[in-house]
Amino acid sequence: MIVILKPNATKTQTDNLLSDLQGMGFTYHYSEGAQSTIIGIIGDTSVIDTDMLKANDIVADVKRVSEPYKLANRKFHPTDSVFEIAGRLVGEGHFSVIAGPCSIETEEQITEVAQAVKKSGAAFLRGGAFKPRTSPYAFQGLKGEGLDLLVKAKKATGLPIVTEIMNQHHLDMFSDVDVIQVGARNMQNFELLKELGHCDKPILLKRGLSNTIEEWLMSAEYIMAGGNERVIFCERGIRTYETFTRNTLDLSAIPALKAVSHLPVIVDPSHATGLPWMVEPLTKAAIAVGADGVMIEVHNNPKKALCDGAQSLTPEQFDSVMGQVKALAAFEHKKL
Ligand code: PEP
Ligand code: MN
């Protein structure tokens, strides 16, 4: 981190700043030039609040030369992380398909969808029990009962399950869940992220509706800082001025994250577009840009779905997408 001092900084003020930095455990490189004086701070500067330094009267500017995230950073972990989850490998060299309804509705519905997506080759079953809905009057999910039905579908099919948590106080109810999803609306719910940092389950961290890649990485860092290093990113589209699609799928986020982080990245083309017919082309695009998997909404009767029916694929449509996935994943040397 580089601190640029104002030209009028006195020796006493500068000495005070340098001794404060030493007191915080840092060493520094001091360079007095003709135009400006610069302090290069040496050490783990991820713990420094740049705004605090900027508040110092003699500081003109502060610039980070290294990223504020450490555990998620590829620099400190050059090889790609691959996680073993319920006997499946997620990460580089593998392509994981997570499929299932937006929300769990009945035992028949979730089990029927689970059997269908398994037959087509999905590796994980998804289904929401706690639903973050824009309207308080919309179906909020079956909550605990929904989790029980999801576990029943897991037992019936052997598929590991992925479901969203909205409140850290619900964590005890997630003991049979294989992957805990943090939804877009909770990407910066820091109390929830901290609590998930202490749990022993992999976390599927969706990108917030209007969050930058660096903010997303910092949210992963929150979970990892607590000791849970199994974080999987999920790009699900961001909010832009475009209204044709529900969100705008930021495909560039996949190579961007792969460049700076070692964590797996998957794509959710269902929430990204809101359009079932866009799921197939964007799944193909996700494979081409290096994603480690996709999450797709599938419902046995989309017209009657209690949530996100308009974007859900029928089991037949999903089967056809899986045909493409099998061919393209093999082309990219990825195992399903
Ligand atoms: C979901 O996966 O059903 C969901 C609510 O997604 P997101 O958080 O991406 O909107
Ligand atoms: Mn949904």
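What covers the buried residues of α6? The cover includes α5 (190–196), β11 (203–206), β12 (231–235) and α7 (253–260). Keep in mind that everything here comes from a predicted model.

**Helix α6**

Let's stay with this helix for a moment. α6 runs over residues 213–225, which makes 13 residues. From its first C-alpha to its last, α6 reaches 18 Å, close to the 18 Å expected at 1.5 Å a residue. As for the residues under that cover, W216, L217, S219, A220, E221, I223 and M224 are buried. Here's a handy bit of background: an α-helix has 3.6 residues a turn, so residues three or four places apart point the same way. After α6 comes G227, and its phi is positive, near 115°.

**The manganese site**

Next up is the metal. Which residues coordinate the manganese ion (ligand 2)? They are C102 through SG, H271 through NE2, E297 through OE and D308 through OD, at 2.0 to 2.4 Å. Along the chain, these donors follow the spacing C-x168-H-x25-E-x10-D. Two of them, C102 and E297, link distant parts of the chain, being 195 residues apart. C102 lies in the loop between β7 (96–100) and α3 (107–120), whereas E297 belongs to strand β14, residues 293–297.

Are C102 and E297 buried or exposed? C102 is buried, with a relative accessible area of 2%, and E297 counts as buried too, at 0%.

| Residue | Where it sits | Relative accessible area |
|---|---|---|
| C102 | loop between β7 and α3 | 2% |
| E297 | strand β14 | 0% |

**A closer look at T50**

Leaving aside residues up to four places away in sequence, T50 touches M1, V62 and R64.

**Where α3 meets α4**

The crossing of α3 past α4 is right-handed. On the α3 side, the contact is made by E107, I110, T111, A114, Q115 and K118. From α4 come L149, L150, K152, A153, A156 and T157. What kinds of residues make up this contact of α3 with α4? Six are nonpolar, three polar and three charged.

Methods: Residues numbered from 1 in each chain as written. Chains lettered and ligands numbered in written order. Predicted model: local features only at pLDDT ≥ 70, side-chain atom pairs only at ≥ 80, totals over all residues. Heavy atoms only, no water. Helix = DSSP H or I, 4+ residues; strand = E, 2+ residues; numbered from the N terminus. Expected span 1.5 Å × (residues − 1). Buried < 20%, exposed > 50% of the residue type's maximum accessible area, 1.4 Å probe, protein only. Contact = heavy atoms within 4.5 Å. Donors = N, O, S within 2.8 Å, 3.2 Å for Na, K, Ca; no water. Left-handed = near helix turned anticlockwise from the far one by under 90°. Nonpolar A, V, L, I, M, F, W, Y, C, P; charged D, E, K, R; others polar.
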